[in-house]
Amino acid sequence: MSLSHAFFAVIRRDLVLALRRRSEIANPLLFFILVITLFPLGIGAQPHLLQAIAPGIIWVSALLAAMLSLDSLFRSDFDDGSLEQILLSPHPTSVLVLAKIIAHWLVTGLPLLIVAPLLAVFLGMPNHSLGILLLTLLLGTPVLSLIGAIGVALTVGLRRGGMILSLLVLPLYVPVLIFAGNAVQMAGSGLPVDAQINILIAILLMALVLAPMPTAAALKMSIN
Amino acid sequence: MTMQEFFAMGGYAFYVWTSYGLTLIVLLANIIIPVVQRKQFLRSLALKQKRQ
Amino acid sequence: MQTQSIHSLEGSGLSCIRDDRVLFEELAFELVSGQVLLLEGKNGSGKTSLLRILCGFREPDAGEINWCGDAVNDSPFYAQMAYVGHLDGIKKELTVRENLKMSLALSSPGQYPIHEALAKVHMAGYDDVLAQALSAGQKRRLSLARLLITENVLWILDEPFTSLDKQGIALIETLMTEHCASGGMIVLTSHHDIDLPDVDVQRINLS
Amino acid sequence: MFLIPDPVVRFFHRMASPPHFYAFTQRLMPWLVVIFLLLTAAGLYGGLYLAPADYQQGDSYRIIYIHVPSAWMSLFIYVVMAVAGAIGLVWRIKLAEIVAISSAPVGASFTFIALVTGSLWGKPMWGTWWVWDARLTSELILLFLYLGVIGLYGAIDDKRTASRAVAILALVGVVNIPIIHYSVEWWNTLHQGPTVTKMDKPSIHVTMLIPLLLMALSFKFYYLIAMLQRARTELLLRERNAQWVKAMILESK
């Protein structure tokens, strides 16, 4: 069958699986909300203080939530042998892998966008920066999934891959954190953020093009 | 310049010499560790061969 | 398979070293359409490693594998092979039909449509059952159904008889005989001795 | 390949053979050490003794002779590691894999040195041990990248597989380093203003520049020495069952 058919079949399969498992969607989301709730408790609830650090907190939490959710990207496929079948498909592995990453983002990244407004209210962010926050999450979280996929593909075969995964992935998340966090901060003070948004778009496009290949190569390495 | 002046480094002796000393230690360690490892490994291989 | 052309799988000078242990060296074989290659040997003798090398999951430490005269990566090898391994590749949260549809999407349609393939492996009517409700033997037969619905010439089977009863074993032997008769070929490992009177079976002992 | 002169091809072909590499690097080692010592002696003499004190920073600037070359090396070695890894990945050359992984600890060491000396230099200049200066921050992230490479290699038992993993990771890292560097620089100018840049460019005089370049060159030779020592150890470990290793041990008795 055609490549596009395989591509959408993989996405659909992973979405169905996520729906039947559910906890995969809920866990990172709960983690995201929980971490953000902890900050006011930890540093005190002075409105101006929270407001000042809100963009940073939201983005750091999003980074951690994205990283925690990564394990589910290839874990079950690796354990039950589905990954072998995907690698044996005559279709290019990188395209099938991209499909899996997209499905994973729809399940774990997109929900972050939906709860972000609620958290922005918690942290007293000005209303006019909410749009930019959503935009940066929309552009940034797919990058986290794409880059994270490389790391998780490298470590999926390891028994204790979790710690090493964070070491591999978090440093690579730095640019997204910087530009996205900064865009939200600037938007809060009413400054233009076109540059940051454009850079985020560029990073997203680059990640879309460049990340699936090393992910596929890493999966081949992990399966042996 | 006297020796004393040289070692005093214009009052920055602590910073300058700590930097240089630390660098020396790290660089030396990077040579010594693999050499020692190799010597040990060669010795264990030789022992293994003798046993056979 | 439609063209009934002769296919061939050759390995030459293959060797595999695992954790300092030479599993096999200078291994060579040639398999053409209609033949079965049975790998025998003790546990840990490198049977599964050889299968995984054939699948491209592992690199051989020396030697090469050719499909119809070309290196595996420069040939339509992956479009013409199917693998049933130690792990069954079945998603337990999906139904039988959904599982098979996924396999179909990853490859191209072969000899039988899904319902016929299920009937052939004695699982007719199980279409909408979740895979987690299946017994081990049923799961095994489901993964074998994958071989029937996708287009392929070469079957690579790792211990296909595990968790099957006498009936199930006879079923696979029938399927294998049919596959070879229609120009297919099979590489498999097995603890059981296989009973394929009408097929040309080569044996390699790996110990 | 036709662009490369024949002797060069032959040289690399022979170097790719483990026993030849092992013997050749052994003979090469004394020469490398002598060149390294000469360069270091000249560099340190020029830098610590001949060069005048900086009119703003006094003698504290002399940390530059290890800080800046270390920072250069940290990047240089990462690139070498990625290139060697890519060669190993594409052409399956065992020695390239070994060079790649043997570079990682040396690179991490230089990164560590750059960080610590940067901090030691910063204390008298800024009055604190740590400032989120662009270069120091980039170095810190680079150190994490190195530690990731080393950790990943250690975590995978099969060393050939581990080499492939490391090569993939190093290639991903090498694409990301410019982006990380640029983003950190951008972030830095935004938050800090141009207060701390004086550390980057002391108005450099020729008597200061020459020792700096000498030290940079000497560090390159040091890298060769340290990397080759590691590579020889790693090579023996991987080839311990090969005939040439057994023969060599018999000879040495």
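At what angle do the axes of helix α3 and helix α5 of chain D cross? This model is predicted, and the tour begins with that pair.

**Stop 1: two helices of chain D.** Select residues 64-91 of chain D for helix α3 and residues 134-155 of chain D for helix α5. Their axes cross at roughly 40 degrees and come within 11 Å. The angle therefore makes α3(D) oblique to α5(D). The crossing of α3(D) past α5(D) is left-handed.

Now show side chains. From α3(D), pick D:A71, D:S74 and D:Y78; they meet D:R135, D:E139 and D:L142 of α5(D). Sorted by class, this contact has three nonpolar, one polar and two charged residues.

**Stop 2: the sheet of chain C.** Move to chain C, where five strands make an open sheet with parallel pairing. Follow the strands in the order β6-β7-β8-β3-β9. At the edges are β6 (81-84) and β9 (200-205) of chain C, each pairing on one side only. From one strand to the next, the twist averages 15 degrees.

**Stop 3: one strand pair.** Select residues 154-158 of chain C, strand β7, together with residues 185-189 of chain C, strand β8. These strands pair in the parallel sense over five bridges.

Stop 4: Last, select helix α5 of chain C, residues 166-181. Helix α5 of chain C lies across β3 (35-40), β7 and β8 of chain C, and runs at about 145 degrees to β8(C).

How values were computed
Residues are numbered from 1 along each chain as its sequence is written. Chains are lettered from A and ligands numbered from 1 in the order in which they are written. This is a predicted model: local features need pLDDT of at least 70, side-chain atom pairs count only at pLDDT 80 or more; totals for chains, interfaces and linings use all residues. Two strands pair if DSSP finds at least two bridges between them. Helices (H or I, at least four residues) and strands (E, at least two) are DSSP runs, numbered from the N terminus. Axes are lines fitted to C-alpha atoms, for helices over the stretch in contact, and angles run from 0 to 180 degrees between N-to-C directions. Two residues are in contact if their C-beta atoms, placed from the backbone, lie within 7 Å. Angles under 35 degrees count as roughly parallel, over 145 as roughly antiparallel, 65 to 115 as roughly perpendicular and the rest as oblique. A crossing is left-handed if the near helix is turned anticlockwise from the far one by less than a right angle, and right-handed if clockwise. Ala, Val, Leu, Ile, Met, Phe, Trp, Tyr, Cys and Pro count as nonpolar, Asp, Glu, Lys and Arg as charged, and the others, Gly among them, as polar.
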